[in-house]
Amino acid sequence: MADSGNPTIALPLLALRSTIVFPRARIAVQVGTAENLALLDGLPAEGAQVAAVVAPSATESAGASALIGRIAVVARVADRQAAGAGTMQVTLTGDRRVRIVGISDGAAFPLASIEELGEAPVDLAEHTEAVARLIRAAEQLAEVRESFPAEVPGLLARHTRDLAALTDVAASYAGLRVGERDELVQCTDPAVRLSRLVARFEREVARAEVVEDVERRADASVQQHQREFFLRQQLQAIRAELGESDGTADDADDLARKVAAAGLPERVAQEARRETERLRSLPAASSEHQVLRNYLDWLLALPWTRTSGTPLAIDRVERALDERHYGLEEAKERILEYLSVRQLLGESRRDVHGPILCFVGPPGTGKTSLGEAIASSIGRSFHRISVGGVRDEAEVRGHRRTYVGSMPGLVVQALRRAGARDAVLMIDEIDKMSGGGPGGDPLAAMLEVLDPAQNASFVDHYLNVPFDLSQVLFICTANSLLDIPPALRDRLEVIRIAGYTVEEKVEIAWRYLLPRLLGEHGIAELDLQFTDEALSTISSRYSREAGLRGFERNLAAIMRRRARRKAQGETGAWVVDSARIEDILGAPRYAAEELELEPEIGTVTGLAWTAAGGELMTIEALRMPGTGKLHVTGQLGDIMRESVDAACSYVRSMARALQIVDAELKSTDLHIHFPAGSVPKDGPSAGVAVTLAIASVMSRRPVRRDVAVTGEVTLRGRVLEIGGLKEKVLAAHRAGLHEVVVPAANAKDLRDVPAGIRDRVRITLARRMDEVFAAMLLPRTEVARRADLRLVDDSGAGRPSAEQRRDPAASDEEDVWPT
């Protein structure tokens, strides 16, 4: 028992879990716990008092000590009767609030020691408006909600002089959850209870009005639909009596005539006739009627038999490619070879199972325009399908007609817009299609579209009839071949488009870009005069890229400035030179002469291959006092981190050959960093560059910066083959480098490098890292030699003993100290 200033009494404790009784209120509850059943069995038949309280949620025991200090309600028990197995229903009538000051567990049920509580004093005059709002909200609830008792407003009006009684009566009819009811029981201030109940009642009124409005609108809509249905039935009966046909029959007859005249394949015509007959039996306003009508419109709009009627002509294709594209000789040759085979075998033959063309290269290199040139040269319609980000199989195969708003897939939609079954369809960004998910695998659906052995009977889910795609000339584009799944890549004839050199960009500007941009900006050739040097400067110092988009944007910026001045009345010709370029485009974004950088220790110029083409990548290595740990930063993938570990192990194994002090390997930490840390990097081709950087920083020998390196390294020091050689050599040339070191195994790929680039860039082939060290590492500086001597003097590690100095044969280790 807890001490208290007020007298205490003991009452049986009735712990309720789902509700609580309020003072001056009456409720029926069911009890089923052992303590509560024992309590009811031990009470007199009628009129016994109990202390009712909400039981703690974390325990089934009614005698939990957590109840001490909480407020309970003294209630009288009446009307006890069995409600089922192990359950009893009783009626509780609330009397007053009391506080529990102690609990005893000596009997079959707990007894609560309680002390009386008084309600907080309130001034009725201050709460007159709130009382009126509560009664008004109760009246509104009685009007809009059938389940709310109509007598509640009258009950509340009787207690306007007693705020405590008013709030307790209102709370019993507020429809509160057990937690909310307990909060009001625990509150001894009638004014606080009144404000909460007013907000609750008004919120319930607003909710009930919204529900009533929605129900009223729904009833009105249903009644309107029923009225329209009966009127249509009467109209059909009147037309039948007069011998007139309705609009649905006329529509069906018109569609039947179109189906007969369309020359559809037999299976498609049979399906169209069946759906047309179904259309006759449906009312025009029904949703299924509109679905069937859309389906028949799609069947009639597709080019089942329509062709362009223009046969392939290789000479015309060759002229079109040469007129619209400069360079790209290998790509043009592969395209002409592919089309020649189709011309000789005949495109109408079903046994022609040639591969699908796929242009792979960086953005802005002319992949899409090559497809347009092919289509225009052979007189066929062209349509481009962008599949980047496609995640659902239905976007390729179409949606089934059971779905609302269903449509055919991208391929069928493209053929409808093209208007011919032998159109040229370009599937753009095929490497950016997403894999399988909840909606199916779109890549698996694309396999059927692009497989010549299967696409003669391609079935779109919306059409549900086969469509012949064998005469369609599919051309795909991608930025990275590695992102295309192997099963799909196996069906493609890959044509690589590496990118353009600076000289090629200048020639393309003279032939294509400048004439088109001058016309688009409303200026003449006399208004703006370029030179080869100016175009070369814009390409190499402002838009160093594999494609032409950045180059074209910079040219357009210069023309916009000239167009503005011309519109303001300025006359005369502008000669585009370095000063004017810098005035319009700003400071150059790239250094003019990267090859003149001084050799540095621990810094190597590597070559990377990305979806945007080849790029230069700097690898930095730094040594610091430590315990031989290796730190790698730069957002690297697992493969590149393994390459760094292999490079470090190889350099440690070659320490004596590289004249690295053994003790220094244990007392030095290495930090390898790949700049541009926000860009993810992965792949094994940086192994040579990383090995070179570690060897440089540990041996204190500078590395040549006018030479770029690439290649994978094994633990034995072998230099292995890499991919993307052409793109990497072009990147080195664009950066102004004149020499690269590549694996000897890539000698077979040198034929892909343009002859002009091979003449300007010296390509050194390396089989082992020894050859790379000999070509890239420069002799030590005097500062490095003195640092080595200081290290030996300080540590004494590795210094020959007196016996070894007298007899060199006494040491079985090679002397590697510099002289």
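Biologist: How do the residues of the lining of the largest pocket divide into nonpolar, polar and charged?

Modeller: In this predicted model, the lining of the largest pocket holds 15 nonpolar, seven polar and six charged residues.

Biologist: What is the volume of the second largest pocket, and what lines it?

Modeller: Its volume is about 550 Å³. The lining has 24 residues, and His325, Gly364, Thr365, Gly366 and Ser369 are the closest to the centre. Elements that give two or more residues are α12 (367-377), β12 (473-478), α17 (502-521) and α19 (549-567). The lining divides into eight nonpolar, eight polar and eight charged residues. Gly364 and Gly366 are in the lining, and Gly counts as polar by the rule used here.

Biologist: Why is strand β3 called largely enclosed by the rest of the structure?

Modeller: A residue is buried when its relative accessible area is under 20%. Five of the six residues of β3 (residues 49-54) are buried, so the strand is largely enclosed.

Biologist: What makes β1 and β3 a pair of strands?

Modeller: Pairing needs at least two bridges. Strand β1 (residues 8-16) and β3 have four, in the parallel sense, so they count as a pair. In one of these, alanine 15 has valine 53 in β3 as its bridge partner. Four bridges also join β3 to β4 (residues 71-84), where the strands run antiparallel. There, alanine 51 stands opposite valine 74 in β4.

Biologist: How do you know that arginine 207 and glutamate 204 form a salt bridge?

Modeller: The cut-off is 4 Å between a side-chain nitrogen of Lys or Arg and a carboxyl oxygen of Asp or Glu. The closest N and O atoms of arginine 207 and glutamate 204 are 2.7 Å apart, so the pair qualifies. Both residues are in helix α6 (residues 190-242), and being three residues apart they are separated by about one helical turn.

Biologist: What makes aspartate 583 and arginine 561 a salt bridge, and where are they in the chain?

Modeller: Their N to O distance is 3.8 Å, which is within the 4 Å cut-off, so the pair counts. The pair links distant parts of the chain, with aspartate 583 in helix α20 (residues 578-585) and arginine 561 in helix α19, 22 residues apart. Aspartate 583 has 55% relative accessibility, which is over 50%, so it is exposed. Arginine 561, at 25%, counts as partly exposed.

Biologist: How many salt bridges does a search of the whole structure find?

Modeller: The search finds 48 salt bridges. One of them joins lysine 432 to glutamate 429, with the closest N and O atoms 2.8 Å apart.

Technical notes: Residues are numbered from 1 along each chain as its sequence is written. This is a predicted model: local features need pLDDT of at least 70, side-chain atom pairs count only at pLDDT 80 or more; totals for chains, interfaces and linings use all residues. Side-chain values use heavy atoms; hydrogens and water are left out. On a 1 Å grid over the protein atoms alone, a cavity is a set of points where a 1.4 Å probe fits but cannot get out, and a pocket is an open set with protein on both sides within 12 Å along at least five of seven lines; lining residues have an atom within 4 Å of a point. Grid points are joined across faces, edges and corners, and a volume is the space filled by probe spheres set on the points. Buried means under 20% relative accessible area, exposed over 50%, partly exposed in between (1.4 Å probe, protein chains only).
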